[in-house]
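Here are some notes to read alongside the structure, written for someone who is new to looking at models of this kind. Please keep the sequence and the 3D view open while going through the points.

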Amino acid sequence: MNYICLIGKYGCFITKRGQDFNSHLGIIKKDHLKIGKKVKTHLGYEFFVTKPTLKDMMEKVLKRVPQTISLKDLSLLLALTSVKRNSRIVDAGTGSGFSSIFLAYFLKPCKIFTYEINKKYIKIAKENIKTCNLEKYIIVKNKDIIKGIDERNLDLVHLDMENSEKVIKHSYKSLKIGGYLCVFSPIIEQVIKIRKEISKYNFSNVITVENIVREWQYEKYLRPKTTGIMHTGFYTLAMKTC
Ligand SMILES: C[S@@+](CC[C@H](N)C(=O)[O-])C[C@H]1O[C@@H](n2cnc3c(N)ncnc32)[C@H](O)[C@@H]1O
């Protein structure tokens, strides 16, 4: 990644490689910003230089256009499917590319074919993918996935889009036996349509789950924070069988 992260007691800052660090805590010349080194600003604030995490990149660097899927939901997908490195994956819609980037980051080397109908979003997603140096693993396709999936023998089909119930038939055809279909739906009305469609094909281990993560406040009183993301959506998972 062309970014570095400065972590210290006073916060975490992301900055482009090859540029001076300049913040309200002072300046550090670019020549001193080497991964694995301790550095000090001209005002005396100490930092450690490291590589940014995927979370840092998603929260502070990458561009977002439509609604992006959350890290908590994508993490659950990995845990529940046990999808492995070298997998062949279809992801739709691409949006800002967050779900494809997440999957490529953890599963590389892998091949992710991501479908998107909106050319404006494709441009942003490609920029984000390049920023994360993941172009080798993600193929962005300007195609309506409702019209069909070109790839076969897939380990995972991940759907995060409107009308995803119209893609279940194509997903079944494109998945290998033992491969997973994972559909993210913000509303339960969509889940009902998806479950109805899934029941028409040979899928097993079908589940719908919601992943609730509550951050707690530690200062003054120990209790759940009163603000934060309360609802993102539901994942419906199904494994193709014979
Ligand atoms: C919620 S966003 C996806 C966000 C993405 N998963 C991410 O994490 O950045 C839904 C995307 O699906 C795209 N989309 C909707 N219908 C589609 C279709 N039939 N084929 C391909 N993409 C579609 C939309 O243009 C939109 O960008």
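1. By class, the shell around the ligand holds 10 nonpolar, 8 polar and 4 charged residues. In total 22 residues surround the ligand, and the closest of them are Gly93, Gly95, Phe98, Ser99 and Met161. Please bear in mind throughout that this is a predicted model.

2. Two cis peptide bonds. The peptide bond from alanine 92 to glycine 93 is cis, with omega near -15°, and glycine 93 is found in the loop between β7 (88–92) and α3.

3. Two residues with positive phi. Most residues other than glycine have a negative phi. Serine 82, in the loop between α2 (71–81) and β7, has a positive phi of about 55° although it is not a glycine. Is serine 82 buried or exposed? Serine 82 counts as exposed, because it has 7 C-beta neighbours inside 10 Å, and the cut-off for an exposed residue is 12 or fewer. Asparagine 133, in the loop between α4 (119–131) and β9 (138–141), also has a positive phi, near 55°. With 13 other C-beta atoms within 10 Å, asparagine 133 is partly exposed.

4. The open sheet. How many strands form the open sheet, and in which order? There are 7 strands, in the order β9-β8-β7-β10-β11-β15-β12, and the pairing is mixed. The edge strands are β9 and β12 (203–210), each of which pairs on one side only. From one strand to the next the twist averages 15°. Strands β8 and β9 run parallel and are joined by 4 bridges, and threonine 114 stands opposite valine 140 in β9. Helix α6 (residues 188–198) packs on the sheet, where it touches β11 (175–185), β12 and β15 (234–240), and its direction makes about 10° with that of β15.

5. A hairpin at β1 and β2. Strand β1 (residues 3–8) and strand β2 (residues 11–16) run antiparallel and are joined by 6 bridges. These strands form a hairpin with 2 residues between them, and cysteine 5 stands opposite isoleucine 14 in β2.

6. Domains. The chain is divided into domain 1 (3–52) and domain 2 (57–240). Taken over C-alpha atoms, the centres of domain 1 and domain 2 are separated by 34 Å.

Terms used. Residues are numbered from 1 along each chain as its sequence is written. This is a predicted model: local features need pLDDT of at least 70, side-chain atom pairs count only at pLDDT 80 or more; totals for chains, interfaces and linings use all residues. A residue is near a molecule or strand if its C-beta atom, placed from the backbone, lies within 6 Å of it. Ala, Val, Leu, Ile, Met, Phe, Trp, Tyr, Cys and Pro count as nonpolar, Asp, Glu, Lys and Arg as charged, and the others, Gly among them, as polar. A residue is buried if 20 or more other C-beta atoms lie within 10 Å of its own, exposed if 12 or fewer, and partly exposed in between; C-beta atoms are placed from the backbone. Domain bounds come from an automatic or database domain assignment. Two strands pair if DSSP finds at least two bridges between them. Axes are lines fitted to C-alpha atoms, for helices over the stretch in contact, and angles run from 0 to 180 degrees between N-to-C directions. Two residues are in contact if their C-beta atoms, placed from the backbone, lie within 7 Å.
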